[in-house]
Amino acid sequence: MDVLSSRLLLRPRDLAASQRFYREILGLAVYREFAGGEVYFLGNGLLEVSGRSADGPATGLELWLQVRDVGAEHTRLAALGVPVLRAPQTEPWGLVEMWIADPDGIRIVLVQVPREHPLRSDPR
């Protein structure tokens with residue numbers, strides 16, 4: 001298989017609420033708009049929020065988003081009323097993680113890679 005492009009498809013219960021969350025609350029840049037949906041940049045991936053599902057998205061779906069400053073996002077998102085499932089904390093593996101939820105309850109982990117973390121160093 002030669003994969004040329006990919007994206008995650010999200011079929012929310014309330015399309016307008018989910019699009020508002022990803023576009024305005026999280027502030028994701030729009031890659032493409034079309035009748036019935038929007039596609040957002042997710043760093044090196046894409047998220048399409050379109051259509052509708054009476055059941056909402058599949059259970060077990062989670063998004064992992066690396067951000068520059070988890071503490072600043074915590075302050076900003078909490079002030080906007082985004083459900084914070086877990087405040088920022090440093091994990092045993094050295095990353096700072098915070099959990100939030102989208103309008104359908106999808107868990108989103110916001111991750112900050114600290115300056116001193118091995119992921120930031122060139123091992124060569």
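Strand S6 (residues 84-90) and strand S7 run antiparallel and are joined by four bridges. Strands, like helices, are DSSP runs numbered from the N terminus, with at least two residues of type E for a strand and at least four of type H or I for a helix. Two strands are taken as paired if DSSP finds at least two bridges between them.

The model is predicted: local features need pLDDT of at least 70 and side-chain atom pairs count only at pLDDT 80 or more, while totals for chains, interfaces and linings use all residues. Residues are numbered from 1 along each chain as its sequence is written, and side-chain values use heavy atoms, with hydrogens and water left out.

Strand S7 covers residues 96-101, and six of its six residues are buried, where buried means under 20% relative accessible area, exposed over 50% and partly exposed in between (1.4 Å probe, protein chains only). In a regular strand the side chains alternate between the two faces of the sheet. In S7, Val96, Met98 and Ile100 point one way, and Glu97, Trp99 and Ala101 point the other way, all of them buried. S7 is also joined to S8 by six bridges, and these two strands run antiparallel. Met98 stands opposite Leu110 of S8 in this pair. The hairpin of S7 and S8 has five residues between the strands, and Gly105 has a positive phi near 85° in it.

Strand S8 (residues 107-112) pairs with S5 as well, in the parallel sense and over five bridges. Leu63 stands opposite Ile108 in S8. Strand S5 (residues 62-66) has a covered face with Leu63 and Leu65, while Glu62, Trp64 and Gln66 make up its uncovered face. Together these four strands form an open sheet in the order S5-S8-S7-S6, with mixed pairing. S5 and S6 are the edge strands, each pairing on one side only. Neighbouring strands of this sheet are turned by 15° against each other on average, direction ignored; axes are lines fitted to C-alpha atoms, for helices over the stretch in contact, and angles run from 0 to 180 degrees between N-to-C directions.

A further open sheet of four strands has the order S1-S4-S3-S2, and its pairing is mixed. Strand S1 (8-10) and strand S2 (30-34) stand at the edges with a single partner strand each, so one side of each is left without a neighbour in the sheet. The twist from one strand to the next averages 15°. S2 pairs with strand S3 (residues 37-42) in the antiparallel sense over four bridges. Glu33 stands opposite Glu38 of S3.

Ser53 lies in the loop between strand S4 (45-50) and S5. Ser53 counts as buried because its relative accessibility is 18%. Apart from neighbours within four places in sequence, Ser53 is in contact with Arg11, Pro12 and Arg13, contact meaning heavy atoms within 4.5 Å. Ser53 and Pro12 are 41 residues apart in sequence, and their C-alpha atoms are 5.6 Å apart in space.

For the protein as a whole, the secondary structure comes to two helices and eight strands. Along the sequence these follow the pattern β-α-β-β-β-β-α-β-β-β. The C-alpha trace spans about 45 × 40 × 25 Å along its principal axes. Of the 124 residues, 37% count as buried. Among contacts between residues at least 6 apart in sequence, 50% join residues at least 24 apart. The protein exposes about 7,800 Å², of which carbon and sulfur atoms supply 52%; accessible areas come from the Shrake-Rupley method with a 1.4 Å probe, and for residues only the protein chains shown count as cover. The mean positions of the 14 positive and 16 negative charges are 2 Å apart. Lys and Arg count as positive and Asp and Glu as negative, with His and the chain ends not counted, and the place of a charge is NZ of Lys, CZ of Arg, CG of Asp or CD of Glu.
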